[in-house]
Amino acid sequence: MPHTKQEKPFSEKLKAFFRVGKSSGFPHPGSCELSLSPELVEELSAPHPISTRLKVVKELGGQVREQRLQKHGVELLWYKVQDMLEPGQEKETRHNVMDFLVQLVVGQYNSLDMMRPQLFGFIKEHKVQEDMEMRVTLLVALTENGKDIVHIEEQVGPFFLELLELVTEGG
């Protein structure tokens, strides 16, 4: 049976499926890295309106969860978004940024290192009652369900006692 012009032969479909003829089958290690462009970093900066910054945060969420971030990318993103977590910001803004931080922690878990105490310090010091659930969610992500407390081991016990006291008083 002759092939029509719009139908490719099976061998070509097979080659296309396995991408034969393109570069070697495995991606270059750097090609999976998520680089933060200067424009993107600028859009996250404080002089820009909160709506613009939140849009960038929402767009980046899935990417930071699925792709390895450039070196010092976690620190850079934390530096750029932490002002949106201040108690004076709207609840929705704080929760969107905390959700982004959860995605960042989950996706970049193996490269957090010394950002762990920084993020834990935020969780510990952020006292806005309506953010309690998001704080706990971020803590669960940061400690991998309580299994990993590297760099925060001495602070986490007293914090859990404080958290338990808050929960029992509130309910």
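Predicted model: local features only at pLDDT ≥ 70, side-chain atom pairs only at ≥ 80, totals over all residues.

Me: Where in the protein is confidence lowest, and where is it highest?

Reply: The lowest confidence falls in helix 1 (residues 10–18), with a mean of 67, whereas helix 5 has the highest, at 98. Over residues 20–30 pLDDT stays under 50, and for that stretch the model has four contacts beyond four places in sequence.

Me: Which residues of helix 3 are buried, and what covers them?

Reply: The general idea is that an α-helix has 3.6 residues a turn, so residues three or four places apart point the same way. In helix 3 the buried residues are Arg-53, Leu-54, Val-56, Val-57, Leu-60, Gly-61 and Val-64, and their cover includes strand 1 (33–34), helix 2 (38–43), strand 2 (68–69), helix 4 (73–81) and helix 5 (91–107).

Me: How many degrees does helix 3 bend, and at which residue?

Reply: Helix 3 bends by about 35 degrees at Leu-60, a residue that is also among the buried ones. From first C-alpha to last, the 17 residues of helix 3 (residues 50–66) reach 25 Å, close to the 24 Å expected at 1.5 Å a residue.

Me: Why does Thr-137 count as partly exposed?

Reply: Thr-137, which lies in helix 7 (residues 132–142), counts as partly exposed because its relative accessibility is 33%, between the cut-offs of under 20% for buried and over 50% for exposed.

Conventions:
Residues numbered from 1 in each chain as written. Heavy atoms only, no water. Helix = DSSP H or I, 4+ residues; strand = E, 2+ residues; numbered from the N terminus. Expected span 1.5 Å × (residues − 1). Bend = angle between axes of the 7 residues up to and from the residue. Buried < 20%, exposed > 50% of the residue type's maximum accessible area, 1.4 Å probe, protein only. Contact = heavy atoms within 4.5 Å. pLDDT = per-residue confidence, 0-100.
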